[in-house]
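Hi,

Here is the structure I said I would pass on. Have a look at it first, and my notes follow below.

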Number of protein chains: 4
Amino acid sequence: MKPVDDKTERRKTEHIRICLNEDVEGKNITTGLEKYRFKHNALPEIDFKEINLGTSFLSKQVKAPFLISSMTGGTKVARNINQRLALLAESHGWAIGVGSMRAAIEEESLADTFEVRKYAPTIPVLANLGAVQFNYGYGTEECMRAVEMIEADALILHLNSLQEVFQPEGDTNFGNLLTKIEEIAAKLPVPVGVKEVGMGINGLSAKKLMDSGVKFIDIAGAGGTSWIQVEKFRANEPIRNLAADAFSDWGNPTAECLEEVKQYRNQIEIIASGGMKNGVEAAKALALGANMVGFGRSLLKPAVDSDVTLLEVQMDRIEFELRTAMFGIGADSIEQLVNTRNLYKIS
Amino acid sequence: MKPVDDKTERRKTEHIRICLNEDVEGKNITTGLEKYRFKHNALPEIDFKEINLGTSFLSKQVKAPFLISSMTGGTKVARNINQRLALLAESHGWAIGVGSMRAAIEEESLADTFEVRKYAPTIPVLANLGAVQFNYGYGTEECMRAVEMIEADALILHLNSLQEVFQPEGDTNFGNLLTKIEEIAAKLPVPVGVKEVGMGINGLSAKKLMDSGVKFIDIAGAGGTSWIQVEKFRANEPIRNLAADAFSDWGNPTAECLEEVKQYRNQIEIIASGGMKNGVEAAKALALGANMVGFGRSLLKPAVDSDVTLLEVQMDRIEFELRTAMFGIGADSIEQLVNTRNLYKIS
Amino acid sequence: MKPVDDKTERRKTEHIRICLNEDVEGKNITTGLEKYRFKHNALPEIDFKEINLGTSFLSKQVKAPFLISSMTGGTKVARNINQRLALLAESHGWAIGVGSMRAAIEEESLADTFEVRKYAPTIPVLANLGAVQFNYGYGTEECMRAVEMIEADALILHLNSLQEVFQPEGDTNFGNLLTKIEEIAAKLPVPVGVKEVGMGINGLSAKKLMDSGVKFIDIAGAGGTSWIQVEKFRANEPIRNLAADAFSDWGNPTAECLEEVKQYRNQIEIIASGGMKNGVEAAKALALGANMVGFGRSLLKPAVDSDVTLLEVQMDRIEFELRTAMFGIGADSIEQLVNTRNLYKIS
Amino acid sequence: MKPVDDKTERRKTEHIRICLNEDVEGKNITTGLEKYRFKHNALPEIDFKEINLGTSFLSKQVKAPFLISSMTGGTKVARNINQRLALLAESHGWAIGVGSMRAAIEEESLADTFEVRKYAPTIPVLANLGAVQFNYGYGTEECMRAVEMIEADALILHLNSLQEVFQPEGDTNFGNLLTKIEEIAAKLPVPVGVKEVGMGINGLSAKKLMDSGVKFIDIAGAGGTSWIQVEKFRANEPIRNLAADAFSDWGNPTAECLEEVKQYRNQIEIIASGGMKNGVEAAKALALGANMVGFGRSLLKPAVDSDVTLLEVQMDRIEFELRTAMFGIGADSIEQLVNTRNLYKIS
Ligand SMILES: Cc1cc2nc3c(=O)[nH]c(=O)nc-3n(C[C@H](O)[C@H](O)[C@H](O)COP(=O)(O)O)c2cc1C
Ligand SMILES: Cc1cc2nc3c(=O)[nH]c(=O)nc-3n(C[C@H](O)[C@H](O)[C@H](O)COP(=O)(O)O)c2cc1C
Ligand SMILES: Cc1cc2nc3c(=O)[nH]c(=O)nc-3n(C[C@H](O)[C@H](O)[C@H](O)COP(=O)(O)O)c2cc1C
Ligand SMILES: Cc1cc2nc3c(=O)[nH]c(=O)nc-3n(C[C@H](O)[C@H](O)[C@H](O)COP(=O)(O)O)c2cc1C
């Protein structure tokens, strides 16, 4: 177990700065959602005002099928971001995740930078840790502390193999993680989920995780933020820097993950994320089988602003877009959207 | 029933100004007609001069299978546009529609801005109302008044769900419209048709409308004017403004609608419109099963000019192009064009 | 029969000027040959120096399977062009065609502008007339005069329906031409062929022509010079000028014509032309079933220069490219090239 | 047998200069590897640090499945390049080839410019000659001298038909080479391999070569350096210069060669090369059936620099990329990579 120090804090700050200012998307790869189109239903036969976005996630009711993806914590800036995101997630009835809590596990004084429950008393809140830490000393105890620290409804473990490789001195021993995840999932009193960070969990991995007792999966597919590209902007070591380009189109596109994972929809809750920018994409993801849709980087920028109006507008816009897409196909509930036959692949 | 006021007049004027000056087409979406190509017949075996564009529409003979789509009315500028369009439609033997007549229903003094019959005594003329008004107090009476006001041969009802959503204070209750359309179609002494305004009526909706007694359908497909983009230029409210982009590729492309609707050709008259700019596209639409082809925005610009020469040239050009396309495949009547096997999809 | 006058001379001169200086190719349409690729044979097992381009055409031996397409005549400039083309066709052992001879039929003093036999005593020479003239007074007599005037080995009739339509006062009665072509083909002592001028003769038309006694076909497909675009640059009439754009992608691409016509290869000689620019394209056309490959506009520019070096270089280049392509797949005779299995469509 | 003179030396120097400074890639043709993508495995279940790149080639162990392609020799500059490449190939445990040794066969004083064994005592070293020389006086003796001159583990013969054609005064008699290759392969005490130089050896040629006793094949496919384009920059003769463009998309793309050759994997060793620039492409080539991956021009530039740091960085980068790609799919040995099912063609 490596000590969390200034370096970690500097890294987290840099991550945010890079994500806000640099082009950190993959090249020649997209979410694949643009290949889908809804059949417009000229006769929706519903009242726009009656469209209901409500659904349930982790046994709680949410007012919209949306999640603010795990992003940050551990620094002062992060604390403010988390607070703003939590306040608006609560007012909108969305779910929320926090960034990796390792910093706070190792340095308790940082716990309050992950504080979201105070501002978000009723919505689903996800604690977050890197699964690879199970090969570096972490276990049930650390997981429990993370969950308790923020009174989380669940713990989501992230799988980020290629990010660790591109991160100088990253933790790259991913051996035997499945067994360890299984153990944690069995022991923890709250549901345990697993996510990627932008390379995508495909059907095969989802199946293995499901069989290990994981209760929900966030596919976090390719086509949005690429952590290899993020690390590239930090790399001052030539090899990793040059190598990042060769991986610019690496990953399982979000839509492809959904196509593969949809079949497990009845056994496990599925969060679609990775490159989500608007409510039409969200509608497509839901029609492709997701229970919830997660937004990462596209909500980071407005959340940095001390005035929350911008963030509120973006969240309202996403809801309006989903609602309008549902109106366009004549679906007035999330259930109807999920069961629509009006989504097709453009040939 | 909301009163028609200055606001409505301002809106209509703005619509025209925006349609003339801004880029109001969807993005990443086309009519799909460009994917079709005619097989050139080097041996047409006909005389170009004998090619006959005549056909019938709503039991009247027209000299060409063309319709000027429902566009305007309600303002002084609109009156002049309608007059010019009517004069030339009559001289060319095309059919014509007017814009939504709600303004004149609610304020009778505006009736003369929809006056086209005076200038177009012999051709098919279509009255126009929004179907959604049936949920806001309209019924048979209003429909009859619209028809009588302009001595129309038929009434065409428009379905414009997404335009209403993007229009601040739009009428967005589209519940139970089908039953109400069925009622009107049964009661009105003239044929009732239904159109979209640029998002497209696909096979399923066409079938439902046909089964409800609708006599003709104007598919008004995507790939041309997008009313969401038009409203975007009016929006001073941030959410709708931002959301318009997510819907820039929404809709059923004109060619796809035709592919689906063609099967009902023997039971119902089909107007192909949405993005039509020339007579070759029109020829393709006819070969894909349409009875008539409608031109909206592409005829608006020349119709604004007080000198009608420009409008005449455009209409002559469209006819010349259709005629030449027919010559190119060796068809000398609309019937032969409709039954051609010379249209194929480019692979 | 309309008199040939100054107008005709002016038109011919304009055609040449436009073809040399303007963009007269179609848009969004190509020959389709670029979709084919040869499989490189790393082990050709032949000697490059032994590759033989010789073949036969119209019962004469030619040193290469190449034809200079029918292009010009009737003016002083044309005379010089024809002379240069003839001299080099003879020295290279290619076949040659002259432009439409109508001018010289109607005004005998123009006969010498079509003179090619004097400079090309041994190669196949093609006389040329528009088939549509059979509906404007022409018959066997005019055809015989054309053939005799230049001691031609054959007569090739051009079908140019859309060019006539776009040419102000064009001859646009293409009725019943097939019967008339059949009659001429039966009566003439030399073989009669038929060509398009850039819109392509497809399988169906080829079949009909073959069944009418036509002995060879020049498909003259789309993807190269578009006569509609050429006429556009002459049009001072707004309608034709505007309409030309709608036809910018009209026509049967050269490769598609070949795919359809190949089946008749044993009954009729096939010339592939339309957009040919180099010997690799020629090799593909031969592998797709052509007996000869025709070059039009791409040889016009060098032929205008009074110094023939440029023209010679182009012709040498084309031969070198064909030879090299054959070396690349290990074919040392035209027969082997025609029977190769090394051409495939890129997927 | 033509004497090697100043001309040859000048040519070799020019080749290097052109390859370093000009755009010598084909146009409208790629390796085809970009059409493949790996399925990311979020759960690799391996330790990055344990990934082993070692494999065997020509019965020797190599530390990575990489070969520095045959490139140069015969001049002073070449000597330095060869020395640097050899030193780093040895330190990295890669295989290495030298450029065509004809110069040294004909002028023994040039032998030391091909010296690599001194700097690379343990790795596989390939001697190189043009197969076409067997039609110009070469035979077993010259082959043996080449092998002995550099204590090579094997001899690789290059097939470069189109390069010879585009090279003024090239050796273009490729007749009966197969029999002669068979003879050499039978007589030589070391394994004989065959390679192209960038146009690709496809399945059919590979089969013939295998049946003639060839022990390994370097497909050297299209998509990277095109020797026709290289020669174009040297051509001062107009015909070859102009003709080069027509061949800019000629050749068998690297990925297509692999798809065809993979089936012989158990009988013959396969080197994938042609356009290789990074370790992800290398991983794809290995997953498509190659035993080794060759890098040509992409290693030339860093090898020209007298400071070897740049070259080392590139080689390290390529290894890091391969390792990371393997981590991304969860393969910790070359054998596992070769047998992966995680490579798919993007549709
Ligand atoms: C600034 C930033 C920090 C992040 N930190 C974490 C993290 O600590 N733990 C985690 O699981 N994912 C983290 N992520 C990944 C996101 O949760 C998400 O999976 C990824 O960014 C892809 O979604 P996107 O394309 O919407 O950004 C982070 C993302 C961003 C932009
Ligand atoms: C300025 C303008 C006003 C319109 N007003 C109406 C209307 O009042 N009623 C209606 O049914 N459609 C209306 N439309 C829609 C057209 O009838 C047509 O369906 C649509 O513009 C798509 O065709 P286009 O791409 O050829 O413009 C209007 C279109 C324009 C351009
Ligand atoms: C300047 C010029 C004049 C032509 N005149 C004739 C003609 O008189 N008769 C004819 O059959 N074709 C004529 N053609 C058409 C050519 O024979 C050929 O079919 C056509 O140009 C397509 O080939 P290309 O793309 O190689 O130019 C002419 C072409 C050009 C460029
Ligand atoms: C400067 C240079 C010189 C070359 N000389 C030879 C040679 O002498 N013998 C040979 O077999 N290939 C030679 N090649 C071809 C390479 O071995 C290789 O097959 C080709 O360049 C394609 O690989 P690339 O795209 O990685 O460059 C040479 C390549 C380069 C760039």
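Between chain C and chain D there is one salt bridge, meaning a side-chain nitrogen of Lys or Arg within 4 Å of a carboxyl oxygen of Asp or Glu. The side chains that meet in it are those of Lys39(C) and Glu260(D), at 3.3 Å from N to O.

This is a predicted model, so to speak of local features we need pLDDT of at least 70, and side-chain atom pairs count only at pLDDT 80 or more, while totals for chains, interfaces and linings use all residues. Residues are numbered from 1 along each chain as its sequence is written, chains are lettered from A and ligands numbered from 1 in the order in which they are written, and side-chain values use heavy atoms, with hydrogens and water left out.

Back to the interface: 27 residues of chain C are in contact (heavy atoms within 4.5 Å) with 36 residues of chain D. Together the two chains bury about 2,700 Å², 62% of it on carbon and sulfur atoms; that is accessible area (1.4 Å probe) lost on putting the two parts together, summed over both. Arg37(C), His40(C) and Leu43(C) supply 26% of what chain C buries against chain D, more than any other three residues.

And how do the copies relate? Rotating by 90°, with 0.0 Å of shift along the axis, superposes chain D on chain A with an RMSD of 0.0 Å, by least squares on the C-alpha atoms of residues with pLDDT of at least 70 in both. The two copies are thus related as by a four-fold rotation axis. In chain D, the C-alpha nearest that axis belongs to Ser347(D), 7.6 Å away.

Cheers
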